[in-house]
Amino acid sequence: MNTADTLTLYGAGLRSRLLLGTARYPSPAILTEAVQAGGTGLVTVSLRRESAGERAGQGFWSIIRDMGVRVLPNTAGCHSVKEAVTTAHMAREVFGTPWVKLEIIGEDDTLQPDVFALVDAARILGEEGFEVFPYTTEDLIAAERLLEAGCRVLMPWGSPIGSGRGLNNLFGLTALRARFPEVPLIIDAGIGVPSHAAQALELGFDAVLINTAVSQAVDPARMAGAFAQAVAAGREAYLAGPMEPRDMAVPSTPLIGKAFLG
Amino acid sequence: MRATVVGAGVAGLACAVELAERGLTVEVLERTRRLGSGCCSWYAGGMLAPWCELESAEPLIATLGAESLAWWRAKFPGTVLAGSLVIAHGRDSGELKHFARRTERFEWLEGEAIAALEPDLAGRFEKALYFREEGHLDPRAALAALAERLTSLGGRIRFGAVAPHESERREAGVLIDCTGLAARDVLTDLRGVKGEMLVVRLSDISLSRPVRVLHPRVPVYIVPRGDGHYMIGATMIESDQATRISARSMLELLGAAYALHPAFGEAEIVEIGTGVRPAFPDNLPKLRRRGDTLYVNGLFRHGFLVAPALARRTADWLLEGREAPEVMQ
């Protein structure tokens with residue numbers, strides 16, 4: 001494997017292209033095992049506002065800190081610009097990082113991002129010195145506006161959060177990749193099984209963020225390991241340059257020179 | 001032989017009763033002035049559901065839980081053995097399959113069989129999981145019954161006390177600390193997981209057993225408490241502050257109950273409660289010795305489910321020197 005192939009996000013190099021969310025694990029101990037088994041270097045942590053108070057969520061936070069990986073706090077569950085900005089401020093205080101995964105939910109059923117609010121919040125947070133990782137759709141114009149607002153990483157969805165449906169809109173995602181070849185793009189949400197993750201990396205996406213598919217597996221640590229292999233395979237395949245699909249069969253053995261058995 | 005148990009939650013009282021039944025003179029010290037005030041046991045669901053809990057817990061919880069179920073039936077006549085029902089709304093039916101994949105000792109029920117068990121749910125759900133062997137109890141009645149049993153065995157509870165006086169330390173005998181999160185200065189890997197619950201009253205419908213309503217984001221259970229009372233619980237928030245219930249949590253709890261049956265929309269809200277469960281990183285309970293004190297802690301959301309099994313192991317360890325590696329490592 002190419003050891004020089006490092007993922008760089010806001011100037012920080014990451015050893016793995018598998019990012020893990022930390023919600024809904026059976027226990028923090030199992031979460032820790034999964035993070036180790038997945039070899040992940042970055043975890044997202046959702047901050048409930050009430051846990052951010054003095055010492056309130058310290059037990060859980062200290063377990064996360066002890067993992068020795070980078071932490072990307074997120075604003076999960078926020079529905080408005082104001083709420084997301086407030087949560088980002090708290091996250092900076094609790095985790096001491098300018099990084100924030102900006103998530104603003106536009107609709108509760110699909111948990112679809114509200115890209116309008118996202119752009120506003122990204123601009124505000126960018127001006128305040130945050131390094132923003134916006135959870136967005138595959139929409140090209142939304143992506144453009146987010147980059148204009150100062151984002152240097154985008155996190156498009158594969159499919160709705162927790163749905164496990166993989167890459168829903170392949171055409172749109174491929175177009176996004178082609179349009180912004182230099183921007184790190186991380187598929188966030190909707191990955192259900194390792195083959196989805198491999199596919200994302202094969203298409204040239206820079207990383208995947210997985211939560212439910214690992215945390216709700218019967219054996220989360222083992223599933224994290226499976227994802228790590230898929231991500232590595234997908235990345236290698238991308239770097240190796242996959243063949244183009246064709247409409248017609250093309251024999252892999254040339255016919256010229258084949259023995260004529262009659 | 002004497003024993004002093006600190007903390008009159010379910011862990012403390014179960015230990016006290018178990019030790020008293022094995023012939024020890026037991027005193028329980030409780031920092032508050034009244035049984036149940038300020039302990040998370042007071043806000044428990046009281047579901048004795050070892051196999052349902054496998055959905056998110058390690059197999060050890062099912063083992064300890066099955067053992068405890070028998071203990072409760074023997075010690076507390078209020079223990080109801082009517083099974084538990086697990087349902088999901090049509091669009092969340094994948095959650096039922098997921099639940100079934102991770103649990104055991106259930107049967108699949110369809111519409112008519114669901115109606116036979118819970119007539120008021122007739123026609124509302126197409127499929128359910130029925131855990132026939134599970135039970136439930138009213139945690140507050142159960143705590144009171146344990147306190148009474150302790151008294152009848154010659155033990156006592158001293159309220160407003162946190163530790164034996166220095167002068168009494170010698171007579172206090174073995175010291176067993178069951179103070180939950182208050183022990184975190186010694187058990188530094190303990191953390192708090194906040195839970196919020198409601199008690200409502202309604203007479204339009206009745207349920208005979210705990211019903212778990214599965215949902216990808218907001219799983220909720222409803223436990224009948226008799227006399228038209230139902231406990232609706234419980235959130236799980238990584239926080240050790242039991243100061244308040246948020247509007248969102250209340251919406252979620254009530255929304256799930258209302259979706260189970262619209263009659264819950266007319267229910268009277270009798271109580272709003274919050275507590276903080278003590279948990280170790282693996283969310284499993286532990287017995288630990290520190291100096292001359294034995295700690296029984298980390299019962300997490302499984303207090304009533306596992307306390308008797310832990311009490312037995314505590315007594316086995318103290319009286320027979322028999323260790324229980326499954327809860328001591």
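Which residue lies over the face of Trp99(A)? Arg70(A) does, sitting at 4.8 Å from the ring centre. Bear in mind as you look around that this is a predicted model. Chain A has another arrangement of this kind to look up: Lys101(A) lies over the face of Tyr135(A), at 5.5 Å from the ring centre.

Searching the whole structure turns up 10 aromatic pairs over all chains. One of them joins Trp72(B) and Phe76(B) edge-to-face, with 6.4 Å centre to centre and 75° between the planes. Trp72(B) is buried, and Phe76(B) is buried too. These two also belong to a cluster, linked by ring pairs, that includes Trp71(B) and Phe304(B).

On to charges. Side chains of opposite charge can pair when their charged atoms come close. Over all chains, there are 33 salt bridges. Glu148(A) counts as exposed because its relative accessibility is 54%, while Arg145(A), at 38%, is partly exposed.

Lys75(B) and Glu21(B) meet at 2.7 Å, N to O, and the pair links helix α2 with helix α1, 54 residues apart. Then there's Arg301(B) with Glu53(B), at 3.0 Å between the closest N and O atoms. Each of these two lies in a loop, so their pairing ties together parts that are 248 residues apart in sequence. Glu53(B) is buried, at 5% relative accessibility, whereas Arg301(B) is partly exposed, at 28%.

Note on methods. Residues are numbered from 1 along each chain as its sequence is written. Chains are lettered from A and ligands numbered from 1 in the order in which they are written. This is a predicted model: local features need pLDDT of at least 70, side-chain atom pairs count only at pLDDT 80 or more; totals for chains, interfaces and linings use all residues. Side-chain values use heavy atoms; hydrogens and water are left out. Rings of Phe, Tyr and Trp (its six-membered ring) pair if their centres lie within 6.5 Å; planes under 30 degrees apart count as stacked, over 60 as edge-to-face and the rest as tilted. Buried means under 20% relative accessible area, exposed over 50%, partly exposed in between (1.4 Å probe, protein chains only). A charge sits over a ring if NZ of Lys or CZ of Arg is within 6 Å of the ring centre and within 35 degrees of the ring normal. A salt bridge is a side-chain nitrogen of Lys or Arg within 4 Å of a carboxyl oxygen of Asp or Glu. Helices (H or I, at least four residues) and strands (E, at least two) are DSSP runs, numbered from the N terminus.
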